[in-house]
Amino acid sequence: MDYALISETGTRDNNEDSVAVLETDAGSLFVVADGLGGHGKGEVASALATESFVLDFSDYDGDIDIFLSDAFMNAQNNIMHAQTSQGGKSDDMKTTCVALLVADGLVRIGHVGDARAYLFNKNKLKTRTRDHSVVEMLVVSGEIREKHINKHPDRNRLLRTMGIEWESPQYALADDIPLPECQAFLLCTDGFWELCSEKKMCAYLKKSKTAKEWLDLMTDEVEKNGQGNDMDNYTAIAVLSK
């Protein structure tokens, strides 16, 4: 896999996003997390999530059917344990998370919150994850159009995150996709996708020969559109399937 990554603070005081990549003989794992919570606790939550995924994948036994499920639950448990040990409240240490596993010729994606994964084929968007957010529900119900998500006043209201008590698993897993059906992937936080349209993602992919070239073009778009605004942290992994 040819990949490139970026994680920037934007105009915020600190970066609460985390990103991780691990490639082994068994496959490739890509993870992006966007921390939520005051006093740096979001930063801790996102780092715990990505570190937990990497640790689990270092012991990956080749069972793609259960890896992501176990990894999400382990990360959630690690964050909840950290909250308890630090005497924090449940809204102090939360994070969204999206993970992509490529193994055995298959692609599997899981996510919670509004960190997204996009899949492309022949320079066109094949599919993306659906946010666990109020505005995504409004799109599904037909109350607003998808193009209105980015500027909707409720766009940051999330329905699911890691770091709050789960009565049942809150992550979502997509169906496996054969790797040959995927030309490229993009994992990113909302600070990235809000400022780079899917149309631009596809146009820049068509122009690019490497993952870094594609990511650089999209990052320029993000920074141009965010200029003069209160820019959130923005993090992304661009991946091309060789």
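A residue counts as buried when its relative accessible area is under 20%. By that rule, 49% of the 242 residues in the protein chain are buried. Keep this in mind as you move around the model, which is predicted.

**Stop 1: the whole chain**

Show the whole protein chain as a cartoon. You are looking at six helices and eleven strands. Along the principal axes, the C-alpha atoms fill a box of roughly 50 × 45 × 35 Å. The radius of gyration is 17 Å, which agrees with the value near 18 Å that a compact globule of 242 residues would have.

Now think about which parts of the chain meet. Take the contacts with a separation of 6 or more: 70% of them join residues 24 or more positions apart.

The accessible surface comes to about 11,500 Å². Carbon and sulfur atoms hold 47% of that surface. Then colour by charge. There are 25 positive and 40 negative charges, and their mean positions lie 11 Å apart.

**Stop 2: strand β2 and E23**

Select residues 17-24. This is strand β2, and E23 sits in it. E23 is partly exposed, as its relative accessible area is 38%. Show what surrounds E23. Beyond the neighbours within four places in sequence, E23 is in contact with M1, Y3 and S28. Next, draw a distance to V102. That residue is 79 residues away from E23 along the chain, yet the two C-alpha atoms are separated by 9.4 Å.

**Stop 3: helix α2 and N78**

Go to helix α2, residues 64-85, and pick N78. Its relative accessibility is 36%, so N78 counts as partly exposed. Which residues does N78 contact, once neighbours within four places in sequence are left aside? They are L48 and S52. For a sense of scale, draw a line from N78 to E213. These two are 135 residues apart along the chain, and their C-alpha atoms are separated by 36 Å.

**Stop 4: strand β5 and V112**

Select strand β5, residues 106-112, and centre on V112. Is V112 buried or exposed? It is buried, because its relative accessibility is 0%. Show the residues around V112, skipping those up to four places away in sequence. V112 touches F72, T96, C97, H132, R160, T161, M162, Q170 and Y171. V112 and P169 are 57 residues apart in sequence and 9.7 Å apart in space, C-alpha to C-alpha.

**Stop 5: the loop between β6 and β7**

Move on to K122, in the loop between β6 and β7. N123 lies in that loop too. Look at the backbone here. Most residues other than glycine have a negative phi. K122 has a positive phi, near 55°. The phi of N123 is positive as well, near 65°. Now compare their cover. K122 counts as exposed, at 68% relative accessibility. N123 counts as partly exposed, at 24%.

**Stop 6: helix α5**

Select residues 198-207, which form helix α5. Show side chains for its buried residues: M201, C202, Y204 and L205. As you look down the axis, recall one rule. An α-helix has 3.6 residues a turn, so residues three or four places apart point the same way.

What do the buried residues of α5 pack against? Colour these elements one by one:

- strands β6 (116-121) and β7 (124-128)
- strands β10 (184-188) and β11 (234-240)
- helices α4 (190-193) and α6 (211-226)

**Stop 7: the cysteines**

Stay on C202 and show the cysteine sulfurs. How many disulfides does a search of the whole structure find? The search finds zero. C182 is in no disulfide, and its nearest cysteine sulfur, that of C202, is 14 Å away. C182 is also buried, with a relative accessible area of 4%.

C202 is buried, with a relative accessible area of 15%.

Key: Residues numbered from 1 in each chain as written. Predicted model: local features only at pLDDT ≥ 70, side-chain atom pairs only at ≥ 80, totals over all residues. Heavy atoms only, no water. Disulfide = S-S within 2.5 Å. Buried < 20%, exposed > 50% of the residue type's maximum accessible area, 1.4 Å probe, protein only. Helix = DSSP H or I, 4+ residues; strand = E, 2+ residues; numbered from the N terminus. Rg over C-alpha atoms; globule rule 2.2 N^0.38 Å. Contact = heavy atoms within 4.5 Å. Areas by Shrake-Rupley, 256 points an atom, 1.4 Å probe, with all protein chains shown as cover. Lys, Arg positive; Asp, Glu negative; His and termini not counted. Charge placed at Lys NZ, Arg CZ, Asp CG, Glu CD.
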